[in-house]
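Let us walk through a protein model one contact at a time. Keep the sequence and the 3D view side by side.

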Amino acid sequence: MALSSRLFSKSKLIYGSQMLLQKEYAIPVRHFAKESAPPALKGDQMLKNIFVEVKNKFETAIGILKKEKITIDPEDPAAVSHYAKVMKTVREKANLLSESQDIQATIELETQDIPDARAYLLTLKEIRVKRGLTDDLGAEAMMIDALDKVEKDLKKPLLRNDKKGMDLLLAEFDKINKKLGIRKDDLPKYEEELEHKIAKAQLEELKKDVLEAMETQKKREEFKDEPESVDAKSLDIRNFL
């Protein structure tokens, strides 16, 4: 196991938790609207508070990961489901945003000053693309078509503060949702499916890193007599934390 024992750094082993920690301060705009501003802090004290909070979240995440056996096998549905469950526990215990919550926060932040519906929809598309999400149902094109129809009836661009026009657009969106079989009550299921896809992608990235590290180490003189590479699935992440 000499080869496998040198494969990881802590940054690789806690790949998923680091992704979560990096997103922690993407706070929804609505939070600022509903709560009064906190007392002003001096720069040093503010940095100290942030450091302590992130440190606590980091230690919470590591504590959970040390207790769970994670199998690096993105092709095994059971392994992916277990990894997704572990990362959900990390988020809940460390008080971190889920991917869906983070996307919602990003949407609110990046669209708050957009006045017209078309620019809003185009911004949503940009966010989706940056996130690496796909529009398999073609919903975006349908929404643009719906907007074209409403603006044609209004004979002007649709502004988001135009209540009558927005009601017409939302009515068209309801038709699209019905056509695609999308129900509001099913949103938790869609969120779970998204988290599952993300979990699989993270395991794929971790497996890729492991295989690349193995290949690099095999080329070093000190490992020339090592047996064949260790199967990534057999590695126990807890041993490297």
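A search of the whole structure finds 12 salt bridges. A salt bridge here is a side-chain nitrogen of Lys or Arg within 4 Å of a carboxyl oxygen of Asp or Glu. The model is predicted: local features need pLDDT of at least 70, side-chain atom pairs count only at pLDDT 80 or more, and totals for chains, interfaces and linings use all residues. Residues are numbered from 1 along each chain as its sequence is written, and side-chain values use heavy atoms, without hydrogens and water.

Start in helix H5, residues 43-65. Helices are DSSP runs (H or I, at least four residues), numbered from the N terminus. Lys55 and Glu59 form a salt bridge, 2.8 Å from N to O. They sit 4 residues apart, about one turn of the helix. An α-helix has 3.6 residues a turn, so residues three or four places apart point the same way. Lys55 is partly exposed at 38% relative accessible area. Glu59 is partly exposed too, at 43%. Partly exposed lies between buried (under 20%) and exposed (over 50%), using a 1.4 Å probe and protein chains only.

Now turn to Arg118 and Glu151. Their closest N and O atoms are 2.7 Å apart in a salt bridge. This pair links distant parts of the chain: Arg118 is in helix H8, Glu151 in helix H9, 33 residues apart. Arg118 is partly exposed at 27%, whereas Glu151 counts as buried at 14%. Asp148 joins both in a network of salt bridges.

Which residue forms a salt bridge with Arg128? Glu140 does, with the closest N and O atoms 2.6 Å apart. Arg128 lies in H8 and Glu140 in H9, 12 residues apart. Both are buried.

Note on methods: Helix = DSSP H or I, 4+ residues; strand = E, 2+ residues; numbered from the N terminus.
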